[in-house]
Amino acid sequence: MNHKPQSCPNCGAEDIIKHGKTSTGKQRYLCQNPKCYVSTFIVDYSYNGSNAYVKRQIIDLAQSGRNVREIKNMLKVSEWVVIDTIRRHESPYY
Ligand SMILES: [Zn+2]
């Protein structure tokens with residue numbers, strides 16, 4: 001559980017630093033790229049964002065008008081997973 005990510009999952013910048021822990025004890029990182037809109041992110045290898053079923057749910061929720069924060073809370077995935085999934089789907093709602 002101590003893996004340091006190679007780069008920011010959003011912008012790909014390798015300039016990332018540790019940025020405290022979440023309330024559930026997960027390591028939070030801060031992206032140093034000033035143009036990155038995520039800025040902080042959590043690397044959680046237990047998250048199920050790579051699961052096709054979850055991605056399907058993210059898209060369905062987005063298309064029914066839910067915002068990123070709502071989807072994140074409903075599916076218990078990282079915010080960047082929601083953003084990335086929607087963006088990859090090229091949803092008109094994003
Ligand atoms: Zn970044």
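**Entry 1. Helix H3**

I began with H3, where Trp80, Val81, Val82, Ile83, Asp84, Thr85 and Ile86 are buried. The model I am reading is a predicted one. Next I looked up what covers these buried residues of H3, and found that the cover includes E3, H1 and H2.

**Entry 2. Overall layout**

I then stepped back to the whole protein. I noted 3 helices and 3 strands. Read from the N terminus, the order of the elements is β-β-β-α-α-α. The protein has 94 residues, and 35% of them are buried. I also looked up the contacts with a separation of 6 or more: 34% of these join residues 24 or more positions apart.

**Entry 3. H1 against H3**

I returned to H3 and took H1 as its partner. H1 covers residues 52-63 and H3 covers residues 79-89. Their axes lie 10 Å apart, and the packing angle is about 80°.

Which residues of H1 and H3 meet? On the H1 side I listed Lys55, Ile58, Ile59, Ala62 and Gln63. On the H3 side they meet Val81, Val82, Thr85, Ile86 and His89. By class, I noted 6 nonpolar, 3 polar and 1 charged among the residues of this contact of H1 with H3. Val81, Val82, Thr85 and Ile86 of H3 were already in my notes as buried.

**Entry 4. The loop between H2 and H3**

I looked at two residues here, Ser78 and Lys76. Ser78 sits in the loop between H2, residues 68-75, and H3. Lys76 is in the loop between H2 and H3 as well.

Is Ser78 buried or exposed? Its relative accessible area is 14%, and the cut-off for buried is under 20%, so I put Ser78 down as buried. Leaving out residues up to four places away in sequence, I found that Ser78 touches Ile42 and Lys72.

For Lys76 I noted a relative accessible area of 67%, which means that Lys76 is exposed. I also checked its backbone: Lys76 is not a glycine, yet it has a positive phi of about 60°.

**Entry 5. The largest pocket**

How much space lies in the largest pocket? I recorded about 450 Å³. Its lining comes to 20 residues, and those nearest the centre are Ile42, Lys72, Val77, Ser78 and Glu79.

I then looked up which elements contribute. E3 (40-42), H2 and H3 each give at least two residues to the lining of the largest pocket. I sorted the lining by class and wrote down 8 nonpolar, 6 polar and 6 charged residues.

**Entry 6. Lys18 in E1**

Last, I turned to the strands. Lys18 belongs to strand E1, residues 16-21. With a relative accessible area of 48%, Lys18 is partly exposed. I also took the distance from Lys18 to Cys31, which is 13 residues away along the chain. Their C-alpha atoms are separated by 9.0 Å.

Notes:
Residues numbered from 1 in each chain as written. Predicted model: local features only at pLDDT ≥ 70, side-chain atom pairs only at ≥ 80, totals over all residues. Heavy atoms only, no water. Axes fitted to C-alpha atoms, helices over the stretch in contact; angles between N-to-C directions. Helix = DSSP H or I, 4+ residues; strand = E, 2+ residues; numbered from the N terminus. Contact = heavy atoms within 4.5 Å. Nonpolar A, V, L, I, M, F, W, Y, C, P; charged D, E, K, R; others polar. Buried < 20%, exposed > 50% of the residue type's maximum accessible area, 1.4 Å probe, protein only. 1 Å grid on protein atoms, 1.4 Å probe; cavity = no way out; pocket = protein on both sides within 12 Å on 5 of 7 lines; lining within 4 Å. Points joined across faces, edges and corners; volume = space filled by probe spheres on them.
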